[in-house]
Amino acid sequence: MKNRVRELRTERGWSQADLGERLDVSRQTVNAVETGKYDPSLPLAFKIAHLFALSIETIFEPEE
């Protein structure tokens, strides 16, 4: 799954640790999501979308 998490995080000047704190997950989880090694659970995807005030579909899209 492709995502825009890194782009959205860096636009705000947040480190991976900053984002992890806001989402109540580890920095390693943020890194795994950003690099596509981990697809977030649905509740985590909703938290990410809510934090960035965007729809899930705007942040995540399936790879073709």
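Which residue takes a positive phi just after H4? In this predicted model, the residue is Ala-53, whose phi is about 55 degrees.

**View 1. Ala-53 in the loop between helices H4 and H5.** Ala-53 sits between helix H4 (42-52) and helix H5 (56-59), and its positive phi of about 55 degrees occurs although the residue is not a glycine. Most residues other than glycine have a negative phi. With a relative accessible area of 67%, Ala-53 is exposed, because the cut-off for that class is over 50%.

**View 2. Asp-24 in the loop between helices H2 and H3.**

**View 3. The buried face of helix H4.** Leu-44, Ala-45, Ile-48, Ala-49 and Phe-52 are the buried residues of H4. Seen down the helix axis, these residues fall within an arc of 140 degrees, so they line one face of H4. An α-helix has 3.6 residues a turn, so residues three or four places apart point the same way. The buried residues of H4 pack against H1, H2, H3, H5 and strand S2 (60-61), whereas the face turned away from the buried side carries the exposed residues Leu-42, Pro-43 and His-50.

**View 4. The largest nonpolar core.** This core has 14 residues, and those with the most contacts inside it are Val-5, Leu-19, Leu-23, Ile-48, Phe-52, Ile-59 and Phe-60. Two or more residues come from each of helix H1 (5-11), H2, H3 and H4, and H4 gives the most, with 5 residues. Val-5, once residues up to four places away in sequence are not counted, touches Leu-19, Val-33, Glu-34, Ile-48, Ile-59 and Phe-60.

View 5. The side chain of Glu-34 makes a polar contact, at 2.8 Å, with the side chain of Gln-16. Leaving aside neighbours within four places in sequence, Glu-34 is in contact with Asn-3, Val-5, Arg-6, Arg-9 and Gln-16; one of these, Val-5, is also among the residues with the most contacts inside the largest nonpolar core.

Terms used. Residues are numbered from 1 along each chain as its sequence is written. This is a predicted model: local features need pLDDT of at least 70, side-chain atom pairs count only at pLDDT 80 or more; totals for chains, interfaces and linings use all residues. Side-chain values use heavy atoms; hydrogens and water are left out. A polar contact is a pair of N or O atoms within 3.5 Å; within protein, one must be able to donate a hydrogen and the other to accept it, and residues adjacent in sequence count only if both atoms are side-chain atoms. Contact means heavy atoms within 4.5 Å. Helices (H or I, at least four residues) and strands (E, at least two) are DSSP runs, numbered from the N terminus. Buried means under 20% relative accessible area, exposed over 50%, partly exposed in between (1.4 Å probe, protein chains only). A nonpolar core is a set of buried Ala, Val, Leu, Ile, Met, Phe, Trp, Tyr and Cys residues joined through side-chain atoms within 4.5 Å. The arc is that of the directions from the helix axis to the C-beta atoms.
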